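Please keep the sequence and the model at hand while reading.

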Amino acid sequence: NSVWVSTDHDEIEKVAKQFGARVHRRSPEVSQDSSTSLEAIREFLHHHHEVDIVGNIQATSPCLHPSDLIKVADLIQKEGFDSVFSVVRRHQFRWSEVKKGENKTTEPQNLNPAKRYRRQDWPGELYENGSFYFAKRHLIEKGYLQGGKMAYYEMRAEHSVDIDIDIDWPIAEQRVLSFGYFGKEPLKEVKLLVCSIDGCLTNGRIYVTEDQKEMVSYDYRDIVGIDLLKKRGIQVRLISERDCSKTLSAMQLGCVAKVSATNKLQVLEDWQKDMGLSWKEVAYLGNEESDVECLKKAGMSGVPADACAVAQKAAGYICKSNGGCGAVREFAEHIFLLLEKVNAARKQ
């Protein structure tokens, strides 16, 4: 019925509202490093008597899908459960811990070593994965997120992502790109990538020689990225606000380009219509304020790591690489991951 973000942070509140969420400003008492989710939820319920069921979604589990949450809500609202929590099936053999100095040996916890079977032939065990906890008000007010008539909801392994420490980030990022939620509309293959030249394909710097000739630098990895996109059947077109015709000629990329573009969005719309593409089939890589509307329109959008703040906010993907330093290649890899997701969906 309503979606809330609980925070004591001004910037998080601002972003939450931009995406349509309502905000509960949590008090300093429940905003400590040692504060629990339960404490924050109980405070929220104290201010919102109209709420009788809470679904606590953990920000550290970014692979949640709406279909899962709808099924969980039905378990409580239609099937009468008091609490539902997420689990994942794991195939791991457990052994008892022997602490240093203890005069004893380890013992098997969930297997018989004399009749050891292959893990893939074993049904496995259910573990909480921390993605979400749904509970009725009366349980939470008693200090529980789990209790009463309980049920678990088993999530698919590829959707079970939990970020605890720094090294979990790159794993979670790849999992989200491959298995995350991409909206209600069916996924479509990207057929056109439009890339801003200055600050994306190049680093945005212009070198001027003594005889007043301009020079720019680019990264060979980006040229490889463009070639790989073309081999996948994706057209690559370039756009720039300044007249850089000579630079493009020297680079010999073989891409359609529009220079001296005073209205990038108009150019993008013209290309999209001429090619008969939906916006879902268009990708855009930009880095400046002049790219913002294009980033918002494109089905897949990205910016280099050093793009301006408003461009970063409008983009769906922020590269780790700076402009002119591999950002185009990185964004190409991001597109390839989407294509794999589209192909997997077709097979299903």
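In which strand is E214 found? The model is a predicted one, and in it E214 belongs to strand β9, which covers residues 214–215. The points below begin with that residue, then turn to the strands and end with the cysteines.

**E214 and its surroundings**

- Leaving aside residues up to four places away in sequence, E214, a residue of strand β9, touches I206, Y207 and R242.
- Although E214 and C200 lie 14 residues apart along the chain, their C-alpha atoms are separated by 18 Å.

**The six-stranded open sheet**

- Six strands, paired in the parallel sense, make up an open sheet whose order runs β11-β10-β7-β12-β13-β14.
- The edges of this sheet are formed by β11, at residues 256–258, and β14, at residues 317–318, each of which pairs on one side only.

**Strand β4 and its two partners**

- Strand β4, which spans residues 83–90, is mostly covered, with six of its eight residues buried.
- With β5, at residues 125–136, β4 pairs in the antiparallel sense over seven bridges, and the bridge partner of R90 in β5 is E125.
- With β6, at residues 150–154, the pairing of β4 is parallel and extends over five bridges, and here V84 stands opposite A151 of β6.

**Cysteines without disulfides**

- The count of disulfides in this model comes to zero.
- C255 takes part in no disulfide, since the nearest cysteine sulfur, which belongs to C195, is 9.0 Å away, whereas a disulfide would require the two sulfur atoms to be within 2.5 Å.
- C255 counts as buried because its relative accessibility is 17%, and the cut-off for that class is under 20%.
- For C325, the closest cysteine sulfur is that of C319, and because the separation is 12 Å, the two are too far apart for a bond.
- C325 is classed as partly exposed because its relative accessibility is 36%, a value to be read against a class that lies between the 20% and 50% limits.

How values were computed. Residues numbered from 1 in each chain as written. Predicted model: local features only at pLDDT ≥ 70, side-chain atom pairs only at ≥ 80, totals over all residues. Heavy atoms only, no water. Pairing = 2+ DSSP bridges. Helix = DSSP H or I, 4+ residues; strand = E, 2+ residues; numbered from the N terminus. Buried < 20%, exposed > 50% of the residue type's maximum accessible area, 1.4 Å probe, protein only. Contact = heavy atoms within 4.5 Å.
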